[in-house]
Structures are given as structure tokens and as C-alpha cells.
Amino acid sequence: MTDENEQIPSQRRQALSYKSKRCCYGGSSGTVVVVVLVVIAIWLGVRYGPSLWALSKRETATDTCPPSSVDCDGKRDCSQGSDESHCVRFGTANELQVMTSKSRLFFPVCAQDWNKNIADQTCQQLGFRQSHIYGVLQTNSPSFQSVNSQFTNTIQGSVNISTSCPGQQTVSLNCSKCGKPPVSTRIIGGNAAVDGQWPWQASLHFQGYHTCGGTLLTQDFIITAAHCFPKGTPGSQLPSNWKVYIGLVSQLHLPSPYFVKQIILHENYDPVTKNNDIALLKLNKQASNIQPICLPVFGQTFSPAQQCYTTGFGVTRQGADSSSTSLMEVKVDLIDSSVCNSLTVYDRQITENMQCAGDLMGGKDSCQGDSGGPLVCKADDQWFLTGVTSWGDGCGKKNRPGVYSNVGRLLMWIYGKMQLFSQNFLKIKTALLKTNSFLSEKVKVGRIF
């Protein structure tokens, strides 16, 4: 994080150099326990391994779809579920909009027969734990999606297209209490953040060291940059090498860490151009009592006049070889892509999946170590995630603003992956519960070995 014309010549926003840390293991006193655990692991692998391995493999395998697959019919045809992962979105005022195999277009959902149970199931489908609040909107849409008499496992499989809706009232759905920090945010660019200002801020530690930033999207998911997990760095794509700290303002006072269950990289991420530079981390347990950031709704735009800030633990001075120990915050202006793509700025390097922000005169910018962190903008008294820190030429240089992954353009990918990996997680969890139940019975009667 840099400001006030402080420039850093090194390539910025690349992940910090990965450092190894030698680990020590317990001595002979733990040998018996280790042997027992190994035997149990072998037994579990033989007894339940194939089914669990198959579930895990489906999470990472390339998606394949049969010729007969139908998008948005509520039935999963593709191995990765891509045929059902882009059927739900939110419009202005959080209007719930659904596309089905019959409509082929997004239409609002009629509020008739809507209830809390359907709201919860819809949010769970999208990767949230439950719904936060739902209401009614007035619309002039010519067509609607009306809820069936019986809700199936997906909202797109539970509605029918209709040309009438009582009172023209449609569903407004919010799946998360988000974007309203407990501390009011009055900031001057480049200052250290106050505890509680940015509760969704995450610090991603690789083998014990801060490497990238991230943002809490839901109780289960962190959003960050794909380039934080380069194939060329040994172990960078292994979840067990990462720890996630959320809501912190100092690297000297770390809260209890969260562990990573799954690293989900955008399939079309280009490490050369940084197009689609986005990733999700599935946490091993929910981040309770921490407020997440809000995702923008479909078509939501932010103007340079709105308050936008970027935060992170990146380097703060020229030549620095380590990250800031304090969370830094700086106000930045959104820069139109036509300007950012001009000959004097980035000369056509900015894709539609990117967003520029900073100051064309230089000075206020994110920097090395801020990768994957949030660019947030305020609207209607809520903070929305506008971008994910991605790349740039130097730090704070004139005509070289920061470049961020454009969250608004990547919304369907985000929702699709949260939906897919939440469902797979539930399947694996069910299998593990069956395993644990069986194991408990064996322990009771002494039949493990």
C-alpha cells in the first residue's frame, strides 16, 4: 500500500517471495499415537476411500457435459455442474432473477407463495448458509418466474415462466448481512486502519508468512487473486500450506487462523495477461461473527465520485523487502477503461474483466503484498466489493494506476463456484459422518483392528 507520490520500482502486486519454514515433529512419546492413527487411516482408506476419493476428484476434474445436457433445468448433467451454475442472479435492490431451460432469459421471481424456507434453500444453493432477509419489490416486468407447489433442490427447477403476478410484486432477497462495518469509516489515504473498519479483510499466509490479501465473501469463502498460487512455486496450490487470518489490523497480533479446504482457481486465468485473475478459498469451518463484504448486483456500476478504497498489508516504502505489519488503507478513484487502455496509460492491456483504480498523477496505490485484497466502493450506506487487487506497473507511478479484477464481470463465476463447492462439501461431509458413526461403533465394541 503506497500513497503521496511514494513510488516503488519493483514489480508490484506479485505474491511475495515464498519462504520455507523448517518444522519439527513430536518425539518418541507420540509414536504410539502416530502408529494408531496410521492404522486407522489405512482402514478408513480401504473401507471408505473409493467413494470419498471420487467425490474429491470431481471437485478438481475438468468439467464434462453429455450432448443431451440441458442448462438450468434443475438437473445436474455436467460432471462439475456447470449446466446449473449460472441460472441465478440479483438485480437492482437485490431483485431475485432466475433463468430456466424454458425461459432462456432471466426473469424476476413472483412473490406469491414465497416463504422463508424457499429463501433459505435458494441462498444455500448459492453457497450461503441461509438467507438474511427477503422482501417485496414492485416491477413492470412483462414476464415472471412463479414458484411451483413443491420446491426441489434448485430454484431454477422450482419455477415456471408466467406472464402474470399478483400486484406485480417480485422477490427481493439478501443472503448475507454484509458491507456495514461496526466502526464508521472516515479515512485519509495511506493511514493505518482502525480495528473494525474493514472486518472482511483477510491475510493469507503461505508456510507461515503473509503472502496475499483476501476478502470474506460468505462464512465459508474467501475471494482472492489466482496469481497468488503460481504453478511454479512448490506447494502453493496445496491447501494445507495456507492459513487465513480474518478481520485483523496487525500482523503482530494474529487472531486464530482458519484453514483452507479447497483452492478454486479460475479455469481461464492467464498468468501472462492476468485476465480472470481471481480465486476462491473454501474454508474448513465457517467464519462466525465476522461480517463479510457485499457482492455487487448484476449491472451495478460505481462512478469515480463514489467512495472507493483499497486495503492491504503490502509494502509501504521504496525498496522495502517485507510487508507492512499494519493494515493500510488508501482512497482511490475508479478510472474508466477507455482512459486506462489509452496509449499513454496501459495501451490496450485492460480487458473487460479488469478495473483500473488509483490516481493518474501517481501517489495512491496498492503494492507488492496487497495482491488478492479488496477494492471496495460505498453505495446506499453499504460497502461492495468492486475489484480484487491484481497487477500494475510499479507502485504509485504517474499514468500507471492499479489494475483489479472486475468483480461485477465475474459474478456468475463466483456464484457458480460457491454453489458447486458448497454442494460437494455437503456430500463429502455426509460421507464422513457415516464413516465417523461406523468408527464410533467399532470403538465401543473393540473391533477397530
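1. Basis. Residues are numbered from 1 along each chain as its sequence is written, and side-chain values use heavy atoms, with hydrogens and water left out. In this predicted model, local features need pLDDT of at least 70 and side-chain atom pairs count only at pLDDT 80 or more, while totals for chains, interfaces and linings use all residues.

2. Strand E12. Strands are DSSP runs of at least two residues, numbered from the N terminus. Four of the five residues of E12 (residues 242–246) are buried, so the strand is largely enclosed by the rest of the structure. Buried means under 20% relative accessible area (1.4 Å probe, protein chains only). E12 runs antiparallel to E9 (residues 201–206), joined by five bridges; His-205 has Lys-243 as its bridge partner. E12 also pairs with E13 (residues 258–265), antiparallel, over two bridges, and Val-244 stands opposite Tyr-258. Strands pair if DSSP finds at least two bridges between them.

3. Thr-139. This residue is in the loop between E4 (133–138) and E5 (144–147) and is buried at a relative accessible area of 16%. Leaving aside residues up to four places away in sequence, Thr-139 touches Glu-95, Phe-144, Gln-168 and Thr-170 (contact: heavy atoms within 4.5 Å).

4. Charges over rings. Arg-89 lies over the face of Phe-298, at 3.6 Å from the ring centre. Arg-400 lies over the face of Tyr-346, at 5.7 Å from the ring centre. The criterion is NZ of Lys or CZ of Arg within 6 Å of the ring centre and within 35 degrees of the ring normal.

Note on methods. Buried < 20%, exposed > 50% of the residue type's maximum accessible area, 1.4 Å probe, protein only.
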